[in-house]
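Student: I would like to learn how to read strands, cores and ring contacts in a model. Please take the features in turn.

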Amino acid sequence: MGKKELLVDPSSYDLNVPLAGIDEIRKYNKQRFEMEQLTAIVYENFDDIACVGYKDITEKEFWVAGHMPGFALMPGVIMCEVAAQLSSYFSTKNRLMDESCTMGFAGLDQVRFRGMVRPGDRLVMQAKLITVRKILITARFIGLVKNEPVCEGVIKGVPLNLTIGH
């Protein structure tokens with residue numbers, strides 16, 4: 001595969017200096033326990049409507065025992081969930097929709113899986129919003145492991161009028 005054009009230049013962020021950890025992410029995303037798929041946010045740019053975060057993959061992930069026993073492999077749908085949670089975090093934090101809403105998963109387009117994600121990996125997810133409309137947000141995403149693309153696509157989100165709680 002030729003070199004994939006990234007959404008955010010990796011020299012723009014430092015994976016060792018998070019801007020937001022799990023407690024900050026929880027202020028904007030409702031997922032908890034096994035469904036929390038972000039470890040940290042390392043880049044936010046409102047002018048470019050782009051964000052970068054990561055998920056550290058451990059042996060304790062809920063899917064490890066059952067998704068390819070003996071060769072744990074992160075399911076593609078969970079990679080997409082990382083992109084969804086990153087996009088939701090950015091959209092909700094920056095109030096791109098109604099101030100009291102969080103984002104719900106509405107669909108995926110042009111999704112491709114290009115590599116494996118396994119326990120011990122850090123899945124770095126880049127997202128850049130394409131459109132922001134009153135009822136729909138779309139974002140392009142690219143997931144990387146060791147700076148190599150492992151997934152990409154377009155994700156769609158809709159506002160859910162729920163009160164964000166802890």
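This is a predicted model: local features need pLDDT of at least 70, side-chain atom pairs count only at pLDDT 80 or more; totals for chains, interfaces and linings use all residues.

Student: How many bridges join strand S4 to S5?

Tutor: Some terms come before the case. Helices (H or I, at least four residues) and strands (E, at least two) are DSSP runs numbered from the N terminus, and two strands pair if DSSP finds at least two bridges between them. Here eight bridges join S4 (residues 122-132) to S5, and the strands run antiparallel. Lysine 128 is opposite arginine 140 in S5, and a hairpin of four residues connects S4 to S5.

Student: Which residue stands opposite isoleucine 142 in S6?

Tutor: Glutamate 152 in S6 stands opposite isoleucine 142. S5 is joined to S6 (residues 148-160) by nine bridges, again antiparallel. The S5-S6 hairpin has two residues between the strands, and lysine 146 in the turn has a positive phi of about 55 degrees.

Student: Why is S5 largely enclosed by the rest of the structure?

Tutor: Buried means under 20% relative accessible area, exposed over 50%, and partly exposed in between (1.4 Å probe, protein chains only). Eight of the nine residues of S5 (residues 137-145) are buried, so the strand is largely enclosed by the rest of the structure.

Student: How many residues has the largest nonpolar core?

Tutor: In soluble globular proteins, nonpolar side chains tend to be buried together. A nonpolar core is a set of buried Ala, Val, Leu, Ile, Met, Phe, Trp, Tyr and Cys residues joined through side-chain atoms within 4.5 Å. The largest one has 37 residues, and those with the most contacts inside it are Ile41, Met74, Val117, Leu123, Met125 and Phe141. Helix H2 (76-93), strand S3 (102-113), S4, S5 and S6 each give two or more residues to this core. H2 supplies the largest share, nine residues. Apart from this core lies another, of 11 residues, among them Val52, Val124, Ile142 and Leu144.

Student: Is leucine 15 buried or partly exposed?

Tutor: Leucine 15 has 27% relative accessibility and therefore counts as partly exposed. Its place is in the segment before helix H1 (22-26). Contact means heavy atoms within 4.5 Å. Not counting residues up to four places away in sequence, leucine 15 touches Val42, Tyr54, Arg122 and Val124.

Student: How many aromatic pairs does a search of the whole structure find?

Tutor: A pair of aromatic rings is described by the distance of the centres and the angle of the planes. Rings of Phe, Tyr and Trp (its six-membered ring) pair if their centres lie within 6.5 Å; planes under 30 degrees apart count as stacked, over 60 as edge-to-face and the rest as tilted. The search finds two pairs. For tyrosine 28 and tyrosine 89 the ring centres are 5.6 Å apart and the planes are at 85 degrees, so this pair is edge-to-face. Tyrosine 28 lies in the loop between H1 and strand S1 (40-45) and tyrosine 89 in H2, so the pair ties together parts 61 residues apart in sequence. Both tyrosine 28 and tyrosine 89 are buried.

Methods
Residues are numbered from 1 along each chain as its sequence is written. Side-chain values use heavy atoms; hydrogens and water are left out.
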